Amino acid sequence: MPEGPEIRRVADRLAQALAGRRAERVRFGLPRLRSYERELSGAVVESVEARGKALLTRFDCGFALYTHNQLYGRWYVCAPQRPPSTGRSLRVAIETEARWALLYSASEIEVLDATAVDAHPFLARLGPDLLDPATTPARIRRRARDPRFAGRALGGLLLDQEFLAGVGNYLRTEILFFAGLRPERRPRDLDDEELARLSRAARTVTLRSYRTGGTTEELARARRARSAGEPRRLWRHAAFNRAGQPCRRCGTRIRKREVAGRRLYLCTRCQPR
Ligand SMILES: [Zn+2]
């Protein structure tokens, strides 16, 4: 499933194609949404925002299109009348004069008015977005000390979108690796130095992934690993997907575990406790 950085890049691509432009026609593949086609066709797209792992496309008529891609949903941007050849089923088409944006296969699609956006159960519960500049390490530290979160093991807590929005499975492994912490640790048991490392890593790793298109390893190390012939699935991360490979810092073999129902990778030496 795409995580915050991937969703944000999709939002950027859609905003570039749509923002400020009139949607000449909006079409929906799901019958329950067809009544909105008339409301949205002719409206100007104001913005496309990433909210955690969801996307919000706002129109100047007051409606917003909420989409959550889960595993299969996929957006394409193409020239008018030139949709991709795909066996997927079309769910949404936003057609401007210059570009079309087409969403395939996603099932979580809603059209919301302003009140419904504020009250939306998923959006209302979302924690601070790690790609939002307002989500500083200091804010993450305070949130981790909040009694709602402080007693929970990091392995589960980091996946909870209510704690921090945008973290999924590969980011969880990488944040813990760069923080040097084990997944069973709880915020309330961390000393100030450990909590500072966690907060910095959460922000840095997520931002790096967004800027590079999915690389979480430090760039100099990733480049060296790539030159040494490692395939992308290995060089792009420090620990994730690298079970049995030597840690690039200390040479210890990376281990794979199941934590909170998902796979997690760690270096027992770089993450001693
Ligand atoms: Zn190591």
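This is a predicted model: local features need pLDDT of at least 70, side-chain atom pairs count only at pLDDT 80 or more; totals for chains, interfaces and linings use all residues.

Residues are numbered from 1 along each chain as its sequence is written. Helices (H or I, at least four residues) and strands (E, at least two) are DSSP runs, numbered from the N terminus.

The pair belongs to strand 4, residues 63-68, and strand 8, which pair in the antiparallel sense over six bridges. Two strands are said to pair if DSSP finds at least two bridges between them. In general, strands of a sheet pair through backbone hydrogen bonds, either parallel or antiparallel.

Which order do the strands of this open sheet follow? The four strands are arranged 2-3-4-8, and their pairing is antiparallel. Strand 2 (45-51) and strand 8 (108-113) are at the edges with a single partner strand each, so one side of each has no neighbour in the sheet. On average, neighbouring strands here are turned by 20 degrees against each other, direction ignored. For such angles, axes are lines fitted to C-alpha atoms, for helices over the stretch in contact, and angles run from 0 to 180 degrees between N-to-C directions.

Strand 1 and strand 6 run antiparallel and are joined by four bridges; Phe28 stands opposite Val92 in strand 6. Strand 6 (residues 90-95) is also paired with strand 7 (residues 100-104), in the antiparallel sense and over five bridges. Strand 6 and strand 7 form a hairpin, with four residues between them. Within this pairing, Ala93 stands opposite Leu102, and Glu95 has Trp100 as its bridge partner.

How does helix 1 meet helix 9? Their axes come within 8 Å and cross at roughly 40 degrees. That makes helix 1 oblique to helix 9; angles under 35 degrees count as roughly parallel, over 145 as roughly antiparallel, 65 to 115 as roughly perpendicular and the rest as oblique. The contact involves Gly4, Pro5, Arg8 and Arg9 of helix 1, together with Thr206, Ser209 and Tyr210 of helix 9. Two residues are in contact if their C-beta atoms, placed from the backbone, lie within 7 Å.

Helix 9 has a further partner. Helix 5 (residues 137-145) and helix 9 pack at an angle of about 125 degrees, with their axes 9 Å apart. These two helices are therefore oblique to each other. On the helix 5 side, the contact is made by Pro137, Ile140, Arg141 and Ala144; the residues on helix 9 include Leu195, Leu198 and Ala202.

Is helix 8 largely enclosed or open? Of its 11 residues (169-179), 10 are buried, so helix 8 is largely enclosed by the rest of the structure. Buried here means that 20 or more other C-beta atoms lie within 10 Å of the residue's own; 12 or fewer count as exposed, and values in between as partly exposed, with C-beta atoms placed from the backbone. Among the buried residues are Arg172, Glu174 and Phe177. The cover includes helix 7 (154-157), helix 9 (192-212) and strand 10 (262-266). Gly180, which follows helix 8, has a positive phi, near 70 degrees.

Arg269 counts as partly exposed because it has 13 C-beta neighbours inside 10 Å. Leaving aside neighbours within four places in sequence, Arg269 is in contact with Cys247, Cys250 and Thr252. The C-alpha atoms of Arg269 and Gln161 are separated by 29 Å, and the two residues are 108 residues apart along the chain.
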